[in-house]
Amino acid sequence: MTKNLSWKIYDDVIESIMALSKSFYPNEFSGMLYAENNVIQDIYIIPKTISNRNNAIIRLDLVPMSLNIIGSVHSHPSGFGKPSIADLNFFSRKYVNIISYFPFSKNCFKVYDNLGHIIDNFEIIFRQK
Ligand SMILES: [Zn+2]
């Protein structure tokens, strides 16, 4: 995967991320991202994910084996979008990693690559009806 790859996400997926982050609050929400042609289309909630205020442990053995699962998403109820050391270790497996943060309004998220660098080339687009 190249470094300067651009990613897009559907507007309704961002809305779902924020809704899920709010519903899990004060615990962390986490899931995986499904993409086609570099457009993030959907979120997969992994069964048996354990979440509390400080982290969410994903059962990687329960993540569907699909090349389209290219990324991760999780919430920071604390209100900071900065990845933890554990986050960075986890990010190294995936190309796109979204952290949503309190208060979970639409622009309360940051996007990181597998090395933990912010992805600037990230665009919100609308699904064609
Ligand atoms: Zn985190």
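1. Along its principal axes the C-alpha trace spans about 35 × 30 × 25 Å. The model is predicted: local features need pLDDT of at least 70, side-chain atom pairs count only at pLDDT 80 or more, and totals for chains, interfaces and linings use all residues. Residues are numbered from 1 along each chain as its sequence is written.

2. The chain holds two helices and nine strands. These are DSSP runs numbered from the N terminus, with helices (H or I) of at least four residues and strands (E) of at least two. In sequence order the pattern reads β-α-β-β-β-β-β-α-β-β-β. Of contacts between residues at least 6 apart in sequence, 62% join residues at least 24 apart; a contact means that the C-beta atoms, placed from the backbone, lie within 7 Å.

3. Helix H1 covers residues 11-24, 14 residues in total, and reaches 20 Å from its first C-alpha to its last, close to the 20 Å expected at 1.5 Å a residue. The expected span is 1.5 Å times one less than the number of residues. Val13, Ile17, Met18 and Ser21 of H1 are buried. Viewed down the helix axis, the buried residues of H1 fall within an arc of 140°, so they line one face; the arc is that of the directions from the axis to the C-beta atoms. The face turned away from this buried side carries the exposed residues Asp11, Glu15, Ala19 and Ser23. A residue is buried if 20 or more other C-beta atoms lie within 10 Å of its own, exposed if 12 or fewer, and partly exposed in between, with C-beta atoms placed from the backbone.

4. What do the buried residues of H1 pack against? Their partners are strands E1 (7-10), E3 (39-44), E6 (69-76), E7 (96-101) and E8. Over the chain, 26% of the 129 residues count as buried.

5. The largest nonpolar core has 19 residues, and those with the most contacts inside it are Ile17, Leu33, Ile40, Val96, Ile98, Phe109 and Val111. Such a core is a set of buried Ala, Val, Leu, Ile, Met, Phe, Trp, Tyr and Cys residues joined through C-beta atoms within 7 Å. Two or more residues come from each of E1, H1, strand E2 (30-36), helix H2 (85-91), E7 and E8. Ile40, leaving aside neighbours within four places in sequence, has contacts that include Trp7, Val13, Leu33 and Val96.

6. Strands E1 and E3 pair in the parallel sense over two bridges, and Lys8 has Val39 in E3 as its bridge partner. Pairing requires that DSSP finds at least two bridges between the strands. E2 and E3 run antiparallel and are joined by five bridges; here Tyr34 stands opposite Asp42 in E3.

7. E2 and E3 form a hairpin with two residues between them. Asn37, in the loop between these strands, has phi near 50°, a positive value in a residue other than glycine. Asn37 is exposed, with 7 other C-beta atoms within 10 Å.

8. Most residues other than glycine have a negative phi, and most peptide bonds are trans. The bond joining Tyr25 and Pro26 is cis, with omega about 10°, and Pro26 is in the loop between H1 and E2. The bond from Phe102 to Pro103 is also cis, with omega near 5°. Phe104 has a positive phi near 65° and counts as buried, with 22 C-beta neighbours inside 10 Å.

9. Ile50 lies in strand E4 (residues 50-51) and is exposed, with 12 other C-beta atoms within 10 Å. Not counting residues up to four places away in sequence, Ile50 touches Ala56 and Ile57. Gly116 is in the loop between E8 (109-112) and E9 (122-125) and is partly exposed, with 15 C-beta neighbours inside 10 Å. Beyond four places in sequence, Gly116 is in contact with Pro83, Leu88 and Phe91.

Terms used. Two residues are in contact if their C-beta atoms, placed from the backbone, lie within 7 Å.
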